[in-house]
Amino acid sequence: MFSKLDHGPDAQGQELLQQYISPPEAEHSIRKAVHDHLENAPLRLFNTFTGRLCNREAQTNTFLGSTEYKQLLYRSMIHAPLQTELITETVTKYFSRVMLSHRWEQKEPLLHDIQDKVVYDLSPVGTMVKLQTFCKTARDAGYRWAWSDTCCIDQNNTVELQRSVNSMFVWYRQSALTIVYLADVLPTAKSGALAKSAWNTRGWTIQEFLAPVVVLFYKADWTPYLDDRSPNHKKSAIIMNELQNSTGIDALSLVTFRPGMKDAREKLRWASSRVTTLQEDVAYSLFGIFGIHLPIIYGETKQNALGRLLQEIVARSGDITALDWIGKPSRFNSCLPADITSYKAPPCILSSLPEDEMQKSVSRLQNSVTVESASALYTLLDNLSAPRFANSRLQLPCIAFPVTEVRRRGGQEQGTSFTYYVKADGLRDLVITTEDRLVQFSRARPTQQAFLLVRPWNRYDPGLLDFEDDKSIKTMSIPWSISDRSINGSHDEYEESVDSELPSRALRLMVRLGQSFGALLLAQQRGGEYKRIASDHNIMARVKDMSTVHDMMDIRTLEIL
């Protein structure tokens, strides 16, 4: 029909032709939509209708032979212009998939056990039953495609493994449904069994639950948990409360989680109680949570994998709350922990003063601190660069307080940890416990090695000044015309109003700096760099006198190994 219209001289025929899309053009657009969709999907999926594991070519061929494709091709040809939205919607719906989240058991079926076979025809023994029942459950729910991490990834292909680990969060996010199989939750289980399940202790299952929009929990006999047959257990208040209480993850994040660097310290706490079979997976399983893509290097050790993750978080976000931990230091960098369990302890949160207390403190400071000195401190901190972290070296902006005395408490010769009395210029005396044997010294008996107690400068601390707000004030667009003759006077008044706020802001900042803070103890190395001395508790420090500005003026960016 199209060729006849194309060669005919009839103007009416040409007009009619323009109302249609040629078959090659429609087919090309559909194939492109399929390619684009599968590009961001797992490499292999089970066809739950046939029981066969399909690569992308097989998935595409299945679609091209389907009724859905024929109907889409016809509808695309008879309506001009091309209906790209219809094509995208049809392709997305056809390739909707179900993802499995579970705890690996012994002798899980791998790729070579399944490839070129019909999963339903295999002997229903051991964990094969789990795979078969999962595919049937997905099929019965109306989904053609299903994915399981045990056999849909070639574990021996490093390139494929790399891509799969870095794409896992997105795959679960884009799933139409994620089924969580709880092999250790009995058919008669009541509320509370989910919290006790081994699934709830594994490292990978955090993202497998947070990422999807729709989740269903199944007990060992493949019946819904708590016999809740609703279409999405993320909307069950009972199940979400149970998960919130057992994981420590707030209900809002459980239901509407978004990946990224925000609240990094809190996300690390979520993972601090999780375990993985392979040590490096402690870090790799969090890549998707933070929206990070890094090389997968099995064999690099847990400390190195975790170190690379934390380095990337600090480097990309400037958020140094990842330095807030208790335990042993990492060989990757002494400012990072050797183990993720170091984040179990609650974070060190700066106390904030009520506004009336803040006003009283500012009034007192006005009588003892000059505007020039307070503003100078404010400006120094405002001009500090963000922390930089690369090649295992941390460039940390901070306020430094030189240590003047270290004295070990008596009777600790045989212990594994030691308690020290520490004095530093400008700070109240401290007591610090560490596994390190520190050199004892005082002003009368100095040592060549320098020690510092530092306050890491984190402009994102909620108790401190928000410099982003400052800058928005300083760069605010001027609401008057440049051609206006009064601009000079008006602009000067604007600048004066900004400048007039500086003393008040500087004094408020000094009050906040006078509150207790989490300090790091650093020891200088031969090359001038520093190493952190870890403690078994948060080192809470406080300035002796907040009005003594010069004690807070030693502002540096230190290189820490």
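This is a predicted model: local features need pLDDT of at least 70, side-chain atom pairs count only at pLDDT 80 or more; totals for chains, interfaces and linings use all residues.
Residues are numbered from 1 along each chain as its sequence is written, and side-chain values use heavy atoms, without hydrogens and water.

Asp 149 counts as buried because its relative accessibility is 12% (buried, under 20% relative accessible area; exposed, over 50%; partly exposed, in between; 1.4 Å probe, protein chains only). Its side chain forms a polar contact with that of His 102 at 2.9 Å (a pair of N or O atoms within 3.5 Å; within protein, one able to donate a hydrogen and the other to accept it, and residues adjacent in sequence counting only if both atoms are side-chain atoms). The C-alpha atoms of Asp 149 and His 102 lie 9.2 Å apart, at a sequence separation of 47 residues.

Asp 149 also belongs to the lining of the second largest pocket, where Trp 104, Asp 149, Trp 204, Thr 277 and Asp 281 are the closest to the centre among 21 lining residues. A pocket is an open set of points on a 1 Å grid over the protein atoms alone, where a 1.4 Å probe fits, with protein on both sides within 12 Å along at least five of seven lines; lining residues have an atom within 4 Å of a point. Helix H9 makes the greatest contribution to this lining, with three residues.

Technical notes:
Helices (H or I, at least four residues) and strands (E, at least two) are DSSP runs, numbered from the N terminus.
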